[in-house]
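Work through the exercises below with the structure in view. Try each task before reading its solution.

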Amino acid sequence: MNPIPFADNPVRGKPISLATGYVEGLDPGQWLSTSLEDYVPQTSLAGKLPDHVLIGSSNCSTYFHTYNSKLRNEDDAHCVQQMRDGLQPYAESGVNVFDSLRSTARRRATAVLHQVRKFLSGFCFYKLGHHQSLLKDPDYIMQVAEFRQCPVQTDGYDCGLFALAVVSHLLCDKDIHPSVFTQAHIDTFRVALRHGLSSNPE
């Protein structure tokens, strides 16, 4: 099975340049830019991502919105069919949500999951029995989504680093649980990544 373009895939997409200012996002107390969040997996996973694994950009909401609009545009019928043919083998009924800001996870995830719901219905599940359920009930995906236990950050700016850590563990078939890594590990990860990108961006 050949990998397909998906959600502005940073690993298989166009090369991302490490622009001035991105590394400063790794200074203590700073948020990572979405470009830096995509740059890290692109440089570390290039050539290593199995064909059956799809990975999306950390800022893929625009992608889902764009393709959801194509479902209503007959001029894009060919594009829609290509996506359907490519994504059908990936169709699954489960949705797992990992959010290191656990107290607000459900509220924060709702808007994104609604866009994902439309995308899954139009491109992955359109031949399956629950296709109509996804379309008719805007909250259906929230009912089947499982909010999984995962490590919790103790600040409001390490979301990107926690996300990178969770993705790395999942790609290595490591179970995610609240103690699989800690805030101290993330603090060390931030410092090491800052040093590594400053001395050798590749």
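A residue counts as buried when its relative accessible area is under 20%, and as exposed when that area is over 50%. The model used here is predicted.

**Exercise 1.** Find the buried residues of α7, and name helices that cover them.

Solution. Go along helix α7, residues 159-171. Gly160, Leu161, Phe162, Leu164, Ala165 and Val166 are its buried residues. Next, look at what lies over them. The cover includes α1 and α8 (183-199).

**Exercise 2.** Check the span of α7 against its number of residues.

Solution. Helix α7 has 13 residues. The expected span is 1.5 Å times one less than the number of residues. That gives 18 Å for α7. The end C-alpha atoms of α7 are 18 Å apart, so the two values agree. Just past the helix, Asp173 has a positive phi of about 60°.

**Exercise 3.** Describe how α1 and α7 cross, and which residues meet.

Solution. Two packed helices are described by an axis angle and an axis distance. The axes of α1 (residues 34-45) and α7 come within 10 Å and cross at roughly 30°. Angles under 35 degrees count as roughly parallel, so α1 and α7 are roughly parallel. Their crossing is right-handed. Now list the contacts. From α1 come Glu37, Val40, Pro41 and Leu45; from α7 come Gly160, Leu164 and Leu171. Sort these residues: five are nonpolar, one is polar and one is charged.

**Exercise 4.** Is His195 buried or exposed?

Solution. Locate His195 in helix α8. Its relative accessibility is 57%, so His195 counts as exposed. In sequence, His195 and Val23 are 172 residues apart, yet their C-alpha atoms are 9.1 Å apart in space.

Conventions: Residues numbered from 1 in each chain as written. Predicted model: local features only at pLDDT ≥ 70, side-chain atom pairs only at ≥ 80, totals over all residues. Heavy atoms only, no water. Axes fitted to C-alpha atoms, helices over the stretch in contact; angles between N-to-C directions. Helix = DSSP H or I, 4+ residues; strand = E, 2+ residues; numbered from the N terminus. Parallel < 35°, antiparallel > 145°, perpendicular 65-115°, else oblique. Left-handed = near helix turned anticlockwise from the far one by under 90°. Contact = heavy atoms within 4.5 Å. Nonpolar A, V, L, I, M, F, W, Y, C, P; charged D, E, K, R; others polar. Buried < 20%, exposed > 50% of the residue type's maximum accessible area, 1.4 Å probe, protein only.
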